[in-house]
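Please read this note with the model open beside it. The points are numbered so that each can be checked in turn.

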Amino acid sequence: NGRTERRIRPYATARRGFLFTGSVRGGERLAIAFTMVDGRIILGINPEQYLVDVISRIESGWPMRALSALTPANWLAQKAAQ
């Protein structure tokens, strides 16, 4: 129970701020951002490092057919192999 409480604490404390996201779409974007960051933390990936790397690869013309290589699990395996 304590582990679960620690995992949801950031969301519970930020709940008041969610009231001021500006719009429903803003709230959806915030939920996506929280999901992306928290999912990377659970996998043991530094979210900032992952997002900077993936976004820069996509900006530089990463082929759409190779997007599966940028999923968190594949990205982590690729980094471990380096």
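In which hand does H2 pass H3? The crossing of H2 with H3 is right-handed; point 2 gives its geometry.

1. Basis of the note. This is a predicted model, in which local features need pLDDT of at least 70, side-chain atom pairs count only at pLDDT 80 or more, and totals for chains, interfaces and linings use all residues. Residues are numbered from 1 along each chain as its sequence is written, and side-chain values use heavy atoms, with hydrogens and water left out. Helices (H or I, at least four residues) and strands (E, at least two) are DSSP runs numbered from the N terminus.

2. The packing of H2 on H3. Two packed helices are described by the angle between their axes and the distance between the axes. For H2 and H3 the angle is about 115° and the axes are 9 Å apart. The axes are lines fitted to C-alpha atoms, for helices over the stretch in contact, and angles run from 0 to 180 degrees between N-to-C directions. A crossing is right-handed if the near helix is turned clockwise from the far one by less than a right angle, and left-handed if anticlockwise.

3. Residues at that packing. From H2 come Met36, Val37, Arg40 and Ile41, and from H3 come Pro47, Tyr50 and Leu51; contact means heavy atoms within 4.5 Å. By class, the residues of this contact are six nonpolar, no polar and one charged. Here Ala, Val, Leu, Ile, Met, Phe, Trp, Tyr, Cys and Pro count as nonpolar, Asp, Glu, Lys and Arg as charged, and the others, Gly among them, as polar. Ile41 of H2 is partly exposed, with a relative accessible area of 44%. Buried means under 20% relative accessible area and exposed over 50%, with partly exposed in between (1.4 Å probe, protein chains only). Beyond four places in sequence, Ile41 is in contact with Arg7 and Pro47.

4. The nonpolar core. In soluble globular proteins, nonpolar side chains tend to be buried together. The largest nonpolar core in this model has five residues: Ile45, Tyr50, Val54, Leu70 and Trp75. Such a core is a set of buried Ala, Val, Leu, Ile, Met, Phe, Trp, Tyr and Cys residues joined through side-chain atoms within 4.5 Å. Tyr50 is in contact with Arg40, Ile45, Leu70, Thr71, Pro72 and Trp75, neighbours within four places in sequence left aside.

5. Arg7 and Asp38 form one of them, with the closest N and O atoms 2.2 Å apart. This pair links distant parts of the chain, since Arg7 is in helix H1 (residues 2-18) and Asp38 in helix H2 (residues 24-42), 31 residues apart. Arg7 is partly exposed at 31% relative accessible area, whereas Asp38 counts as buried at 17%.

6. Salt bridges around Asp53. Asp53 and Arg57 meet through their side chains at 3.2 Å, N to O. Both lie in helix H3 (residues 47-59), four residues apart, about one turn of the helix. Salt bridges that share partners join Asp53, Arg57 and Lys79 into one network. Asp53 and Arg57 are both buried, Asp53 at 15% relative accessibility.

7. Where is Leu67 found? Leu67 lies in the loop between H3 and helix H4 (72-81), and is partly exposed at 32% relative accessible area. Leu67 is 39 residues from Glu28 in sequence and 23 Å from Glu28 in space, C-alpha to C-alpha.

Conventions. A salt bridge is a side-chain nitrogen of Lys or Arg within 4 Å of a carboxyl oxygen of Asp or Glu.
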